[in-house]
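User: Hi! I would like to learn how to read the features of a model like this one. Could you walk me through it?

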Amino acid sequence: MTTKVFLVGMPGCGKSTVGKVLAGLLGYVFLDLDTLVEEQEGLTVAQVFEQKGQEYFREAEARALQTVSARSGGVVLATGGGAPCFHGNMQVMGQQGAAVYLRVSPQELVNRLTALDLQVRPLLRDKTPAELLHYLTQTLRQREVFYSQASVVLDVDRLSAAEAAEALGQQF
Ligand code: S3P
């Protein structure tokens, strides 16, 4: 039985909202990798990027993922959008449980991301809507090779968080 479910996908795809509902359905603990990095580093994600740089953030993220992997018991983890692409993290997730890719089109991501979402994500800040769509399209193209290594791929463009969690709840 899988006791760790790792949700992967682009910023705005619903990893945290779906993850919380799914954890409730499965009776697992919900964890968020960005929050774990913040606790581990004593800084917000934005501060880690500003003060220490992205490379340091990626190392901190991989360390936090290792900590989750070492936990016992059922966990649903919402990972950061970039986490699958660094430090062999997809392999770690595959070895420790099951990775689930929540697939959303770039235009739907733009529709879903609120002003606050953009503000707290250093890689998305200060972009016009057109720049944001371009960035998300390019980035998704680069990341899909990692995301698609997940053992489950769910298209969630037209699903609510509750519907996505329900569909996943039947698989684990
Ligand atoms: C990032 C996504 C963020 C966070 C950081 C970097 C990325 O997580 O880890 O800002 O590289 O796409 P979310 O996917 O929760 O936004």
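Predicted model: local features only at pLDDT ≥ 70, side-chain atom pairs only at ≥ 80, totals over all residues.

User: Which order do the strands of the open sheet have, and is the pairing parallel or antiparallel?

Analyst: Residues are numbered from 1 along each chain as its sequence is written. Helices (H or I, at least four residues) and strands (E, at least two) are DSSP runs, numbered from the N terminus, and two strands pair if DSSP finds at least two bridges between them. Here, five strands form an open sheet in the order E2-E3-E1-E4-E5, with parallel pairing. Strand E2 (29-32) and E5 each have a single partner strand and stand at the edges, so one side of each has no neighbour in the sheet. From one strand to the next, the twist averages 20°.

User: How many bridges join E2 and E3, and which helix lies across them?

Analyst: Four bridges join E2 and E3 in the parallel sense, and Asp32 stands opposite Ala78 in E3. Angles run from 0 to 180 degrees between N-to-C directions, with axes fitted to C-alpha atoms, for helices over the stretch in contact. Helix H2 (residues 33-41) lies across E2 and E3 and runs at about 70° to E2.

User: Which residues does UniProt list for "binding site"?

Analyst: The unreviewed UniProt entry lists Asp34, Arg58, Gly81 and Arg143. Such positions are in the numbering used here, feature names are shortened, and annotations may be inferred rather than shown by experiment.

User: Is Gly81 buried or exposed, and where is Gly81 placed?

Analyst: Count the other C-beta atoms, placed from the backbone, within 10 Å of a residue's own: 20 or more means buried, 12 or fewer exposed, and in between partly exposed. Gly81 is buried because it has 25 such neighbours. Its place is the loop between strand E3 (75-78) and helix H5 (89-96). Contact requires C-beta atoms within 7 Å; leaving aside neighbours within four places in sequence, Gly81 is in contact with Gly9, Met10 and Pro11.

User: What about Arg143: where is its place, and which residues is Arg143 in contact with?

Analyst: Arg143 is in helix H8 (residues 129-147). It counts as partly exposed because it has 18 C-beta neighbours inside 10 Å. Leaving aside neighbours within four places in sequence, Arg143 is in contact with Pro84 and Cys85.

Technical notes:
Contact = placed C-beta atoms within 7 Å.
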